Amino acid sequence: MTRAATVLVWPAWQRLVHWALAASVLVALVTHEGGVVHEASGYAALALALARIGLGLAGPRAVRFASFVRGIDATLTYARAALAGSAPRHLNHNPLGAWMVLALLSLTALAAASGALYVTDRFWGAAWVIALHGAASWSFAVLVPLHIAGAIVTGHHERENLVAAMVHGHKRGLED
């Protein structure tokens, strides 16, 4: 594939946020028993998730959620086509991938915010905060493998390495 046949889909800052967010969540999960590293990675994840959510709501047009998140009907139609092996190619996130973005960002914000609440005097030891933090955190055990599998399966179907695309930012243009 030549560089001329590709288009920049994800700018460098967006890819940096993606990988920094993934790393901070991974570090927080690995250090789940707490401590300075766990807290620092949790605060980093919270800041990154909130920044991405803010940009998704009011950032540049290409990264706004409104530019790639589709409604339930369109998403179900895409899911049926994907199961049948005939899903259309999307330059940005496909409808299922878009909803995964929203789910992962929401869970990150929820897990990190509940973790931040947990260390305050007001909510120290509050059972509901601990339960919320645990439920949000353990949800990553299901969603992250689904996210990775979705990128691999979709990439295979579209004959494009989507993981590499999230590193260099380019994908084949839609005319290919």
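Which residues lie nearest the centre of the largest pocket? They are M100, L104, H147, I148 and A151, and the lining as a whole counts 45 residues. Before going further, please keep in mind that this is a predicted model, where local features need pLDDT of at least 70, side-chain atom pairs count only at pLDDT 80 or more, and totals for chains, interfaces and linings use all residues. Residues are numbered from 1 along each chain as its sequence is written, and side-chain values use heavy atoms, with hydrogens and water left out.

Let us start with the whole chain. The protein chain has six helices and two strands, arranged along the sequence as β-α-α-α-α-α-α-β. Here helices (H or I, at least four residues) and strands (E, at least two) are DSSP runs, numbered from the N terminus. Taken along the principal axes, the C-alpha atoms fill a box of roughly 55 × 30 × 30 Å. The chain has 176 residues, and 38% of them count as buried; buried means under 20% relative accessible area, exposed over 50%, and partly exposed in between, with a 1.4 Å probe and protein chains only. The chain exposes about 10200 Å², of which carbon and sulfur atoms supply 71%. Those areas come from the Shrake-Rupley method with a 1.4 Å probe, and for residues only the protein chains shown count as cover. Among contacts between residues at least 6 apart in sequence, 66% join residues at least 24 apart, a contact being heavy atoms within 4.5 Å.

Now back to the largest pocket, which has a volume of about 1300 Å³. The elements that give two or more residues to its lining are α1 (12–30), α3 (72–83), α4 (95–118), α5 (127–158) and α6 (162–168). The largest share, 13 residues, comes from α5. By class, the lining divides into 29 nonpolar, 13 polar and three charged residues. In this scheme Ala, Val, Leu, Ile, Met, Phe, Trp, Tyr, Cys and Pro count as nonpolar, Asp, Glu, Lys and Arg as charged, and the others, Gly among them, as polar. As for the pocket itself, the search runs on a 1 Å grid over the protein atoms alone, and a pocket is an open set of points with protein on both sides within 12 Å along at least five of seven lines; a cavity, by contrast, is a set of points where a 1.4 Å probe fits but cannot get out, and lining residues have an atom within 4 Å of a point. Grid points are joined across faces, edges and corners, and a volume is the space filled by probe spheres set on the points.

The second largest pocket holds about 650 Å³ of space. It is lined by 26 residues, and A28, H32, H38, H133 and S137 are the closest to its centre. Two or more lining residues come from each of α1, α2 (36–58), α4 and α5. Once again α5 gives the most, this time with seven residues. The lining has 14 nonpolar, ten polar and two charged residues.

A few residues show how the helices meet. L46 is found in helix α2 and is buried, because its relative accessible area is 16%. Leaving aside neighbours within four places in sequence, L46 is in contact with A109, A112 and A113. The C-alpha atoms of L46 and L110 are separated by 8.4 Å, although the two residues are 64 apart along the chain. A113 sits in helix α4 and is partly exposed, at 32% relative accessible area. Its C-alpha atom is 9.9 Å from that of L132, 19 residues away along the chain.

Over in helix α5 you will find T154, which counts as buried at 16% relative accessibility. With neighbours within four places in sequence set aside, T154 is in contact with Y78, N94 and L162. Further along, R159 lies in the loop between α5 and α6. R159 is exposed, with a relative accessible area of 73%, and its phi is near 55°, a positive value in a residue other than glycine. Most residues other than glycine have a negative phi.

Finally, turn to the aromatic rings. The structure holds three aromatic pairs. One of them joins F65 and F68 in an edge-to-face arrangement, 6.1 Å centre to centre with 80° between the planes. Rings of Phe, Tyr and Trp (its six-membered ring) pair if their centres lie within 6.5 Å; planes under 30 degrees apart count as stacked, over 60 as edge-to-face and the rest as tilted. Both partners are buried: F65 has 11% relative accessibility, and F68 has a relative accessible area of 3%.
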